[in-house]
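Biologist: Could you take me through this model, one topic at a time? I shall ask as we go.
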Amino acid sequence: MSKLYLCLICIAISFSCLGQSILSKKISAQYQDRPLIEVLDDLNSKHRLNLYFKREWIPDQNVTISLDSTSVDEVINQALKDSGLAYLSYNDYAIVIARESDLKKQFSQDYFTLRRTQKEEAETVVSVDNVVTIGKLSNDGTVRDATLTGRVSVDGKDEPLVGVVVYIEKLNLSTTTDVDGNYRLKVPAGNHVIEARILGFDPKTQYIRVNGNGRFDIAMAEEAIELDEIVVSGVADDNNVSSVQIGVERLSPIKIKEIPSFLGEADVVRSILTLPGVSTVGEGATGFNVRGGSIDQNLVMQDGALVFNSSHALGFFSVFNPDIIKNVTLYKGNIPAQYGGRLSSVLEVETRDGDYRKVKGQGGVGPVSSRFTLEGPLVKDKLSFMVAGRSSYSDWIVRRFPDFRESSVFFYDANAKLSYRLSDNASLSGSYYRSFDRFKFTNRFGFSWSTTTANASFLKVVNPQLTLSSLVSYGEIDNSSFDTESVDAFELNNGLEYLKFRQDFYLSYFENHSIIVGAELINYEGQPEIIRPDGDRSSIIPEEVSKDRGRELAFYINDEIEVNDKISLSVGLRYSRFQNLGADEVFVYQPGVERSVNNIIDTLSFSDGDVIETFDGWEPRVSFKYSINSTSSIKASYNRINQYIHLISNTAAAVPNDLWQVSNPHIPSQKANNFSLGYFENFKYNVWESGVEVFYKSIEDVVEYRDLADLILNPALETELLNGTGTSYGAELSINKKKGKLNGAFSYTYARRFNQIMETATQESINRGQRFPANFDKPHTVNCNINIKLKKQSTIAFNFTYSTGRPVTAPTSNYFLGNVVVPNFSDRNEFRIPDYHRLDLAYTFSRSKIKKQRYQSSFTFSIYNLYGRDNAFSVFFQRDIESISNAFKLTVLGSPFPAITYNFSF
Amino acid sequence: MRRLIYSLALIVLYAGCVEPFEFSSAENEELLVIEGSITQSTGTHQIMLSRTADFGAGNAKRIPGAEVTIFDDLGGSERYVELGAGVYSLRGENVQGVPGRTYFVEIRIGDDLYRSEPETMPLVQPADSVYFRVAEETEILESGEERSDFFITIFLDSPINPEGTSSNLRWQIEEIYSFVTLPIQPFNVIFTCYIPVPADPQRIILADGEFIGSNRVDGFELFKRDIFPPEQFISRHFFNVYQISQTDRAQVYWEDIQKVANQQGTIFDPPPAPVRGNVFNVNNPDELVLGYFSAQTVDTVRTFTTPGLLEPFVVVDPCDGLDPIDLCFNCRTPQGSTLTRPSYWGD
């Protein structure tokens, strides 16, 4: 077990520690009669020593140390005095503490002798492939020493393996792989057996013939053990406490697939909805709301490309293929200065590179859609490809219902990525993405919407202090809606194009400073809103309403500073500037009276490229962390953010043909001040995480809508929009258990969002100028998900969610105008639909991950809405035969939805 | 375009489970509702005063005992006469509707005084004609079967925006058919009734954006209905179209009423809202008063059908056969039926 532990910590070490010359580092240590384990913990957290030890090895003894500006070497020696423990420096950036006897046994000169004996005793069967020839013979045929280099990675994953012992027994030569999985051995020319070992992986043995200098890479297969015990992560275990950032949530693809989902489809956005501070207005609603923000206030990116509609099938699924995701990060508190343009959050979805070493595939078959990903090298270790696709066959299901024979609910998305390693320090990648949705009800009406993006990015590590990253991204969205019925048959289109350039410089010239400096330019081109008649009989007159163009430019700098052991700062400044550009015609309204089409007194014409209006602003971003001790910290942040593009949608849930509109002389930029404060504490060596955060956000020039506004094909759109202020505030409590057979997360969020639209000379008020809850104001949200590993191959997961019903404007009475029965409505959003709650379950059974078994598969059986809660999707009003309106509650998914999904990889 | 959104709502309604729902705290405040107008036509003009009924209830609460007075911009005024049941009538002795003049009403109910915002009566905008077309339409059902029905569509030809007039147009359509009974014994008398067709109560027809800037409109589809039941078409069937020219403010008001009356309140609908009219409480401007008092002008155009004009549709005589309908023996039973022939009916 001790070796297992050592190997595991070796892996952890390699990914979490970045310091140099650790034993010579000068530190101060003052401890008076303190338990040794506390002293070690304290040293670890205060000085980031990367001490690794097994807690049961630490004797129950107290130590006293009083040393100023002394080397780590000396401090640890004194701490471990008379403890029976010893330490060793691991690759000069971590310190392993273990029993003296164990260390001697494992790492003495006798180590390989001992290993050989053990090996013989155990008669371990090792894999022996064909002989590999390395290097070229010298011209004169003489035999000489050669340098053997290579990289050890996880078989099939291209993940570097750190701390692997690579050795040639008969020569007593050994080394270990570094943080990138690389090793270097000086060996005499000739025939050898090279071996690589690390716990958790099957040992690898290979006959080699060394002729000269050369490269030999090793791929190691995972053993048939519970791999969850090995956590390979670029993020420290105590990141929630130690990081200076507040309000950052990270989801791994594994986590996303663990969460029970609707119809068994692993889904990024639905996973995000289980996080504190994230909510949605209803089942099947597009997008998500973060801390009382509207859906257009989330900056959603896939590999840096902007994603304007994150939903398939009106919001039941999201547009991200879970099989190609590397990381998902949600910034909802402090948004560092390198991000901007949206007021509430940043959702960054990173896709991984295709495998550089071998061709692989994975996919899944579910009740709604199937997906398949193929990846592999085009030039081994240099150029890789990945293509992935998902397509629904829900059309087939929908058409089983007699009433929907001509209906369609279809979507697909496709990703393609090429990644090229120019050198050890530079890489280039290009990606293409397209998603498409069609939603058609019989032959009468429907929608379609699509997103296309193309990216090229370049990363270069110039030197250890300077890395540069460049991105060019192009994207377009096309929305279409159609109605084939009778005299009004039409097809309506709108869209948006953008072109984005981004250049970042990562600087680490100064000790304890991590600086990012960069610039970003986005050019938005609103596509005209066009209506055409559908068929000869249609009375619709073709019409085109042009949409605005704009250019958003931003410069930013952000510095993460470790002031001392306790205090860290993230200080950033962003300057953003937006220009609304011609060609365009801008209406001039009569001053001092309510803006309406009847009050247009002039029209100003602007030529192509003319600057019509400019908005700009400085956006300071500050985040502060104070570590109370090694397991707890307090953090606070302040952000100011400007937003220059807005989703024009006055329905409770956005519809696919909603417009994206850039700021113009009549639609100012939205501005927000975000404040966050939090306390974070971890327990049981970071197995348990907890956090409490409060937040407050004030928004200027929030976009609201006149009562009964007409937004479609409106050339004077501004006459339907109102400006006001918004306020959101709330608190989040979260408790996570990250490891163990039973793990999971619980969160409670209290979040409010109010808007206030006052009457001015040029606009009417809403609710007589009193503040009112926004459509997505849902004060209480509880999320709880639990994963239980039943045995090696199976997991059962539960997910429970509860939230307050969303606000709604309800009819309070009827009246008559002649024959017309008119319902009279309450103030805007005065009432609420019933509260929402739901329990989901998922059971996953997978085959053990055995090395020789290339084909891996698993089944997931899930039940969405286990107890069949008939949650209100909406409350609506329908007239009876006497034309009297009555209220009804609509439930979309009001019964349990079971599903089986089959996933595979090879 | 709104229909697209309604349709989206519809698909969700189809797919989901629907059950009645009650807003527990939604209480009716019994707001004042005013409906009335003054037009250029001779005769009486009426105002109806009522209060909002509970949501889901069918009867308005009429307000008796109010004092209603109209004022014009020449300093004239005249008090309405209460006819009962919340209906008040203007005889036009001192104040008559004249295009170009401005009018407002004051209403005193108990201690509260309400006043309408002044409205200037627009010029009359005469319509050229209305006419109809009959067409058979075939619908392919989801089951794959075809179903054919005959429809009648009413079209309008009209100049738009003649000098000085407004493009704010609203149309009301009235349908009246005549029906002749079988000989009634013992005197073998035949009665001819003139029977109004209950109009679709939610039918609000307004000129929309396509009228702005146009000189005239030809073949504007006012509305369409199926040719059923046959008794409505066995004799002459009139479509009386009232072309109402109204103020900008009134046009916006009716547009909003049109939205609210047809809105369903689903997740894909814009938030509904109370529609504030042009009447306010003089002492409490924050009080929400519903309804509208308008100064408007009206022009009437008509068309009628006969069985021969409906061909190729064949009207089956409901009194000819073994099982004649009740109307064949007593045509006075439908609401509004009268034996008095309207003046425009002809021979």
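Biologist: In chain A, what share of the contacts between residues at least 6 apart in sequence joins residues at least 24 apart?
Modeller: That share is 65% in chain A. Please bear in mind that the model is predicted.

Biologist: And what is chain A built from in terms of helices and strands?
Modeller: Chain A has nine helices and 58 strands. Of its 906 residues, 44% are buried.

Biologist: How do those figures look for chain B?
Modeller: Chain B has two helices and 22 strands. Buried residues account for 34% of its 347 residues. Among its contacts between residues at least 6 apart in sequence, 68% join residues at least 24 apart.

Biologist: Turning to the nonpolar cores, which members of the largest one touch the most other members?
Modeller: They are Val268(A), Ile272(A), Phe288(A) and Val328(A), in a core of 83 residues. In soluble globular proteins, nonpolar side chains tend to be buried together.

Biologist: What does Val328(A) touch, leaving aside residues up to four places away in sequence?
Modeller: Val328(A) touches Arg250(A), Leu251(A), Ile256(A), Val268(A) and Val349(A) on that count.

Biologist: Now the open sheet of five strands in chain A: what is the strand order?
Modeller: The order is E16-E23-E24-E19-E20, and the pairing is mixed. Strand E16 (248-251) and strand E20 (305-306) of chain A form the edges; each has a single partner strand, so one side of each has no neighbour in the sheet.

Biologist: How many bridges join E19 and E24 of chain A?
Modeller: Five bridges join strand E19 (298-302) to strand E24 (345-351) of chain A, and the two strands run parallel. As one example, Asn298(A) has Ser345(A) in E24(A) as its bridge partner.

Biologist: Let us move to helix H2 of chain B. What span does it reach?
Modeller: H2(B), residues 248-262, has 15 residues and reaches 21 Å from its first C-alpha to its last, close to the 21 Å expected at 1.5 Å a residue.

Biologist: Which of its residues are buried, and what covers them?
Modeller: The buried residues of H2(B) include Tyr253(B), Trp254(B), Ile257(B) and Val260(B), and also Asp256(B) and Lys259(B). Their cover includes strands of both chains: E51 (811-817) and E52 (820-825) of chain A, together with E15 (169-180), E17 (205-206) and E21 (290-295) of chain B.

Biologist: Next, the backbone. Where are the cis peptide bonds in chain B?
Modeller: One runs from Phe228(B) to Pro229(B), with omega near 0°. Pro229(B) sits in the loop between strand E18 (216-226) and strand E19 (237-245) of chain B. Another runs from Glu311(B) to Pro312(B), with omega near 15°, and Pro312(B) lies in the segment after strand E22 (297-305) of chain B.

Biologist: What is phi for Ser69(A), and is the residue buried or exposed?
Modeller: Phi of Ser69(A) is near 40°, a positive value in a residue other than glycine. Ser69(A) belongs to strand E3 (62-71) of chain A. With 7 other C-beta atoms within 10 Å, Ser69(A) is exposed.

Biologist: And what about Arg768(A)?
Modeller: Arg768(A) also has a positive phi, near 55°. Its place is the loop between strand E46 (742-756) and strand E47 (772-773) of chain A. Arg768(A) has 12 other C-beta atoms within 10 Å, so it counts as exposed, the cut-off being 12 or fewer.

Key. Residues are numbered from 1 along each chain as its sequence is written. Chains are lettered from A and ligands numbered from 1 in the order in which they are written. This is a predicted model: local features need pLDDT of at least 70, side-chain atom pairs count only at pLDDT 80 or more; totals for chains, interfaces and linings use all residues. A nonpolar core is a set of buried Ala, Val, Leu, Ile, Met, Phe, Trp, Tyr and Cys residues joined through C-beta atoms within 7 Å. A residue is buried if 20 or more other C-beta atoms lie within 10 Å of its own, exposed if 12 or fewer, and partly exposed in between; C-beta atoms are placed from the backbone. Two residues are in contact if their C-beta atoms, placed from the backbone, lie within 7 Å. Helices (H or I, at least four residues) and strands (E, at least two) are DSSP runs, numbered from the N terminus. The expected span of a helix is 1.5 Å times one less than its number of residues. Two strands pair if DSSP finds at least two bridges between them.
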